[in-house]
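This report describes one protein model in a few short sections. Please consult the sequence and the structure below while reading.

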Amino acid sequence: MITGINHSPEYKTLNSFSSNPRAKNGYLSYRYHKTRKNETKEAARALIGAITGTAIPLIYFAKKQKTNILKVKYDLPQLIGVSAGSIVGGVAGGMIKADRFDKKQKVNEGIFQFSNAALPPVIVTGLTKITEKIPKLNNIKGKIGAITLGLGGGMYTAAKLANFICDPKDKVPDRKLSFKDSLANIDDALGILALSDIPALKKLPISEILPFIYILCGYRAGESN
């Protein structure tokens with residue numbers, strides 16, 4: 001049990017969010033799935049877990065590519081591996097001394113974060129390969145269209161999939177993908193840009209930025225409650 005936290009009955013039951021007087025639908029922050037403020041030690045454990053979880057696959061891929069962790073070339077295996085590591089690490093760290101309710105919330109947020117990190121790149125990769133086989137689409141405009149469609153459609157599909165996995169009986173409000181959410185999840189686009197072979201995009205320091213983005217995703221999952 002997390003010390004210093006007095007969970008009221010509505011925190012203990014996933015079906016009772018609407019009775020929480022502190023926030024709409026029982027959430028203090030619906031965007032980050034929080035019913036209360038985090039303790040400093042709790043947030044620190046989530047951050048340490050996210051950093052560790054990100055570092056392990058990064059070190060592996062860097063060693064395999066014979067480069068440093070900030071120069072790793074990202075394809076689908078790297079995107080999925082590093083994002084999975086960061087989220088598993090963040091959730092594992094955040095779960096230390098957490099009660100059953102908080103653990104459930106962290107796992108759910110981890111599923112949501114991983115879905116948003118992994119599914120859009122998979123869809124973009126598929127669409128890009130299709131454009132390469134169609135002469136009229138095998139150009140810069142076609143690839144940009146594939147990226148745009150894959151990002152938007154992938155984020156929407158990821159949100160639907162995560163909601164179904166976490167709450168198949170639809171007992172709590174769905175995590176909906178609003179315009180605000182899309183802007184907040186713009187970090188997902190960086191992973192997709194890493195897959196692009198568009199010359200102008202290759203000049204962006206994506207490999208240097210992505211590790212920190214994934215640490216943030218893992219931390220979000222680990223500190224959710």
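## Terms and basis of the model

A residue is called buried under 20% relative accessible area, exposed over 50%, and partly exposed in between, using a 1.4 Å probe and protein chains only. The model is predicted, and local features need pLDDT of at least 70, side-chain atom pairs count only at pLDDT 80 or more, and totals for chains, interfaces and linings use all residues. Residues are numbered from 1 along each chain as its sequence is written, and side-chain values use heavy atoms, with hydrogens and water left out.

## Overall architecture

The protein has 9 helices and 0 strands; helices (H or I, at least four residues) and strands (E, at least two) are DSSP runs, numbered from the N terminus. The order of elements from the N terminus is accordingly α-α-α-α-α-α-α-α-α.

Of the 225 residues in the protein, 45% are buried. Among contacts (heavy atoms within 4.5 Å) with a separation of 6 or more, 71% join residues 24 or more positions apart. The protein exposes about 11,900 Å², of which carbon and sulfur atoms supply 67%; accessible areas come from the Shrake-Rupley method with a 1.4 Å probe, and for residues only the protein chains shown count as cover.

## Packing of helix 3 and helix 9

Helix 3 spans residues 76-95, and helix 9 spans residues 206-223. The two axes of helix 3 and helix 9 lie 7 Å apart, at an angle of about 35°. Axes are lines fitted to C-alpha atoms, for helices over the stretch in contact, and angles run from 0 to 180 degrees between N-to-C directions. The crossing of helix 3 and helix 9 is right-handed, a term for the near helix being turned clockwise from the far one by less than a right angle, whereas anticlockwise is left-handed.

On the side of helix 3, the residues that meet helix 9 include L79, V82, S86, G90 and G94; their counterparts in helix 9 include L210, Y214, G218 and G222. S86 counts as buried because its relative accessibility is 0%. Beyond residues up to four places away in sequence, S86 touches A50, G53, T54, Y214, I215 and G218.

Leaving aside neighbours within four places in sequence, L76 is in contact with P121, V122, T125 and L195. L76 and L195 are 119 residues apart in sequence, yet their C-alpha atoms are 7.6 Å apart in space.

## Surface and loops

I59, I69, L70 and F212 form a nonpolar surface patch with about 380 Å² of accessible area together. Patches are made of residues with over 30% relative accessible area and no salt bridge, with like charges joined within 9 Å and nonpolar side chains (Val, Leu, Ile, Met, Phe, Trp, Tyr) within 5 Å. A salt bridge is a side-chain nitrogen of Lys or Arg within 4 Å of a carboxyl oxygen of Asp or Glu. F212, a residue of helix 9, is exposed, with a relative accessible area of 55%.

Most residues other than glycine have a negative phi. K66 has a positive phi, near 60°; K66 is in the loop between helix 2 (40-65) and helix 3 and is exposed at 79% relative accessibility. K97 likewise has a positive phi, near 65°, and lies in the loop between helix 3 and helix 4 (100-133). K97 counts as exposed because its relative accessibility is 55%.
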